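Take a look at the sequence and the model below. Then read on for a short tour.

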Amino acid sequence: MEENKEQILVRHLLLKEEAAWKELFGAYSGNLTYICSRYLTEKEDVHDVLQNSFIKMFRSIDSFEYRGNGSLKAWMTRIVVNESLKHIKQNADTKSTVEIEDLPDLPNDEEPDFEEIPKTVIMEMIQSLPDGYRTVFNLYVFETKSHKEISGLLGIAENSSASQFHRAKGLLVQKIKEFKMSKKAQYE
């Protein structure tokens, strides 16, 4: 059976070939930066976590097991998410937190309507969420983790994960409505 491009790249990565690592970085760094910046808002933090992630990939490539097309990307994504979470935990006490009492009441179970909103604007909305809400939202929506898994990853109660997700969703609904109102006002 003939090797595909990803398998060939993995073989060269395992040999620690510099050209293969440059190719990997060139091919995946943009996507991995995007994933990392869903969790972290500061560019310096994103850069640091991405660099740490690539170092971790380099050091642990021997443990990577090719499981079919896309498994390399999935492995790298998992490393970037885990490194992002590690960074958040290490810097948690320096970040500002939002008290639940400081937030307005939000409508129950209203789903965010992202239709007709540019991807960059959606990304900005997600990045503007308070740290805890943003982290739980990303893990639940993009990494498809359950609240039980999230509670284990973040060291919080399962109901706290669900509550933070609900609040994040409510804040996004509010931000989307504001965005759509401002767009509507521009055209009037």
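Where is Arg67 found? Arg67 sits in the loop between H3 and helix H4 (71-90). Helices here are DSSP runs of H or I with at least four residues, strands are runs of E with at least two, and both are numbered from the N terminus. Arg67 is exposed, with a relative accessible area of 67%. The terms have cut-offs: buried means under 20% relative accessible area, exposed means over 50%, and partly exposed lies in between (1.4 Å probe, protein chains only). In sequence, Arg67 and Gln7 are 60 residues apart. In space, their C-alpha atoms are 9.7 Å apart.

## Model and confidence

This is a predicted model, in which local features need pLDDT of at least 70 and side-chain atom pairs count only at pLDDT 80 or more, while totals for chains, interfaces and linings use all residues. Residues are numbered from 1 along each chain as its sequence is written, and side-chain values use heavy atoms, with hydrogens and water left out.

The predictor's confidence in each residue is its pLDDT, from 0 to 100. The protein averages 87, and 89% of the residues score at least 70. Helix H3 (residues 43-60) has the highest confidence, at 96. H8 has the lowest, at a mean of 88. Residues 94-106 stay under 50 in pLDDT. For that stretch the model has 17 contacts beyond four places in sequence. A contact means heavy atoms within 4.5 Å.

## Overall build

The protein has eight helices and zero strands. From the N terminus on, its elements run α-α-α-α-α-α-α-α. Of its 188 residues, 39% count as buried. Take the contacts between residues at least 6 apart in sequence: 71% of them join residues at least 24 apart.

The protein exposes about 11,500 Å², and carbon and sulfur atoms supply 51% of it. Such areas come from the Shrake-Rupley method with a 1.4 Å probe; for residues, only the protein chains shown count as cover.

## Buried places in the helices

Which residues of helix H5 (residues 119-127) are buried? They are Val121, Ile122, Met123, Met125 and Ile126. The buried residues of H5 pack against helix H2 (18-39), helix H6 (131-141) and helix H8 (158-186).

Thr135 lies in helix H6. Thr135 is buried, at 2% relative accessibility. A polar atom of its side chain lies 2.8 Å from the backbone oxygen of Asp131. Beyond four places in sequence, Thr135 touches Tyr39, Leu85, Ile88 and Leu154. Glu83 belongs to helix H4. At 8% relative accessibility, Glu83 is buried too. Leaving aside neighbours within four places in sequence, Glu83 contacts Val49, Asn52, Ser53 and Lys56. Glu83 and Val49 are 34 residues apart along the chain, yet their C-alpha atoms are separated by 6.2 Å.

## Aromatic rings

The whole structure holds six aromatic pairs. In one of them, the rings of Phe137 and Phe142 have centres 6.4 Å apart and planes at 75°, so the pair is edge-to-face. Rings of Phe, Tyr and Trp (its six-membered ring) pair if their centres lie within 6.5 Å; planes under 30 degrees apart are stacked, over 60 edge-to-face, and the rest tilted. Phe137 is buried, at 4% relative accessible area, whereas Phe142 is partly exposed, at 34%. Phe137, Tyr140, Phe142 and Phe165 form one aromatic cluster.

Which charged end sits over the ring of Phe142? That of Arg38 does, 4.0 Å from the ring centre. The charged end of Lys119 sits over the ring of Tyr34, 5.1 Å from its centre. "Over" here means that NZ of Lys or CZ of Arg is within 6 Å of the ring centre and within 35 degrees of the ring normal.

## Positive phi in two loops

Lys16 lies in the loop between helix H1 (5-14) and H2. Phi of Lys16 is near 60°, a positive value in a residue other than glycine. Lys16 is partly exposed, with a relative accessible area of 32%.

Thr144 lies in the loop between H6 and helix H7 (147-154). Phi of Thr144 is near 50°, a positive value in a non-glycine residue. At 61% relative accessibility, Thr144 is exposed.

Notes:
Polar contact = N/O pair within 3.5 Å; in protein donor to acceptor, adjacent residues only side chain to side chain.
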